[in-house]
Amino acid sequence: MAKTIAGSKTRAVQVKGKKRGESENGNVVKEAGPNFDAIEASAGFRDLMKKKKAFLIPAITLFLGLYLLFNFVISYTDWLDNPFIGDISWVWVFAFGLFAMTWILVTVYMKRAEKFDEMATKTLKEFNYDKEENR
Amino acid sequence: MNATVIIIFLIIVAMTLVITYFAAKRTNTTSDFYTAGGGLTGWQNGMAIAGDYLSAASFLGIAGSIALFGFDGFLFSIGYLVAYLVVLFVVAEPLRNLGKFTLADMINARFDAKKVRGAAALSSITIVIFYMIAQLVGAGALIQLLFGIDYLWAVLLVGIMMTIYVLFGGMTATSWVQIIKAVLLMVGTVILSFLVLQRFDFSILEMFAQVKTATPHGEAFLNPGVRYKIPLDTISLMLALVLGTAGLPHILMRFFTVRDAKTARSSVMWATWIVGIFYVMTIFLGFGAAAFVGSETIISTNAAGNMAAPLLAQALGGDILMSFISAVAFATILAVVAGLVLSGASAFAHDIYGQIIKKGKATERQQMLAARYASVGVAALSILLAIFAQSLNVAFLVSLAFCIAASANLPVIVYTIFWKKFNTTGAMAAIFTGLISALVLVSISPSVMNPEAGAAIITGTPIFPLTNPAIVSIPLGFIGGVVGTLLSKESDVRKYSEVKVRANTGGFRQL
């Protein structure tokens with residue numbers, strides 16, 4: 001069950017202790033941890049972070065912005081109280097729009113995240129850390 | 001209580017006990033106990049999230065508020081749903097990649113400091129206890145109405161059931177109780193919605209036209225402003241809802257029950273569809289109740305409108321449908337409180353006992369025992385508090401729980417994942433400013449202080465004007481984190497590289 005940070009595929013050390021580099025009987029295992037700085041600095045990882053930010057920052061700004069806008073408009077004004085069709089006013093349209101926005105953003109993100117997953121796996125492989133093995 | 005309701009009720013109880021029996025056989029390790037071994041699939045976990053999230057307050061409360069206040073009754077649902085975007089974009093995947101059983105695990109992936117873990121556990125426990133009191137008090141009152149059982153017995157019944165699920169079946173039993181509840185709730189709501197729409201000839205326009213004249217509010221019923229009249233108060237509450245979900249311990253815990261970030265992500269997708277479709281249907285329930293039951297009857301049965309959905313079921317489908325809907329409401333209550341017990345127990349047994357007192361060196365057997373003792377302890381404490389709180393107006397505790405989650409938990413989560421300079425002092429400051437400011441402000445707010453004797457816990461003029469302090473306490477939590485970080489010189493940038501790589505790639509998971 002318990003796997004700690006271990007070396008690459010061939011050097012993988014499985015120990016049951018909680019701390020990195022410590023084996024079951026407390027002996028220190030002479031394996032250095034992965035070089036996170038190097039992974040962080042790698043082109044693959046930086047590209048992943050760039051692509052993630054390029055999606056997440058606009059997406060978060062959009063949904064929080066629209067949500068806050070909605071709350072301000074319905075609280076301070078009656079702009080949306082006019083009918084859209086029949087007795088359905090614009091406020092219901094905006095409210096349902098926020099529902100639709102949520103579903104759309106989730107769907108779009110699911111697609112994007114597949115790409116992010118691929119990029120992450122590729123980066124980990126470059127450093128000889130196979131993702132599955134670390135699970 | 002008629003025979004049908006007893007039979008349906010017993011079927012549900014029996015079904016959940018059978019699940020618990022089988023789950024108990026598979027609950028041998030702490031990982032089984034807290035996370036069902038991490039083996040749930042995306043749709044299973046998504047349904048369980050919906051089951052964990054849609055409380056009786058959502059089902060009966062929102063349907064009732066819509067019936068009585070129209071659009072304003074629906075308003076909360078928007079916050080409750082959009083909140084899942086915060087969960088998906090910010091919290092779900094890093095949490096799965098960095099944590100093991102609790103939120104504190106995730107924060108401790110960056111700061112190996114007992115005080116930070118203790119602080120995170122404390123804020124989790126506070127949220128769980130408040131949420132739980134609100135749920136149990138509400139449940140006691142509802143069961144009293146639905147089944148005609150005394151308040152005390154109703155609370156004890158729910159309390160004992162939730163303890164059995166958690167104590168014996170751990171997360172596996174809890175998850176499946178939540179999944180079954182989600183299915184029952186959706187089936188019940190779809191049936192009711194269908195019957196309502198049928199009465200309006202399946203025309204939404206017709207429905208709006210009829211409810212316009214059906215309530216004492218007239219046209220205003222279809223627009224905002226019937227219930228929430230103080231703009232800043234509404235905005236503050238809506239802010240707590242949209243940002244709070246991502247800090248609720250019992251929701252966060254559900255992301256440890258899946259194997260990886262990808263599954264965590266797809267469980268959020270399932271949850272947003274289920275939760276969203278459910279909230280859309282509450283409009284049909286609320287409007288149906290307004291048109292076919294009438295606000296007078298709804299208010300005379302229960303002033304808060306909680307009986308609107310069962311009364312609607314009675315009006316459209318007779319005793320059998322009403323019994324079914326009542327039983328669904330009961331299952332709804334059970335699923336939510338079981339999840340709460342488990343998240344409270346994990347903070348006590350895993351964070352405080354296992355990691356702080358035993359320094360992570362407790363044996364598997366000790367941890368398992370601690371988990372079970374903690375579950376019983378959390379359950380017993382909540383039952384006691386709920387019995388004492390019977391006559392108090394505690395409905396505000398749910399929004400307070402969201403407010404604390406947004407003010408104390410969200411800032412520290414965001415900074416842990418995204419801010420390179422963030423340090424232990426900053427983490428402590430963020431948690432405590434958020435937690436304390438929310439608690440202090442609410443204790444001097446109109447929710448607690450009311451000039452009218454008996455209307456709130458304390459009689460007196462409120463010092464803080466807003467019922468929900470989120471608009472002040474959330475910024476304070478975020479500012480607290482920044483100030484604490486800058487005041488302290490310590491920083492561990494290397495550790496941040498590790499957290500950043502692990503959070504974003506899902507590699508190097510420490511189990």
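What follows is a conversation about a predicted model with chains A and B.

Modeller: Residues are numbered from 1 along each chain as its sequence is written, and chains are lettered from A in the order in which they are written. As this is a predicted model, local features need pLDDT of at least 70 and side-chain atom pairs count only at pLDDT 80 or more, while totals for chains, interfaces and linings use all residues.

Colleague: Why is H14(B) called largely enclosed?

Modeller: A residue is buried if 20 or more other C-beta atoms lie within 10 Å of its own, exposed if 12 or fewer, and partly exposed in between, with C-beta atoms placed from the backbone. In H14(B), 43 of the 50 residues are buried, so the rest of the structure largely encloses the helix. In chain A, 22% of the 135 residues count as buried.

Colleague: What makes a set of residues a nonpolar core?

Modeller: Its members are buried Ala, Val, Leu, Ile, Met, Phe, Trp, Tyr and Cys residues joined through C-beta atoms within 7 Å. The largest such core has 224 residues, and Ala309(B) and Leu312(B) are among those with the most contacts inside it. H14(B) gives the largest share of this core, 31 residues.

Colleague: How do you know that chain B touches chain A?

Modeller: Two residues are in contact if their C-beta atoms, placed from the backbone, lie within 7 Å. By that test, 46 residues of chain B are in contact with 50 residues of chain A. H5(B) gives the most to this side of chain B, with nine residues.

Colleague: How confident is the predictor in chain B?

Modeller: pLDDT is the predictor's confidence in each residue, from 0 to 100. Chain B has a mean of 92, and 99% of its residues reach 70 or more.

Note on methods:
Helix = DSSP H or I, 4+ residues; strand = E, 2+ residues; numbered from the N terminus.
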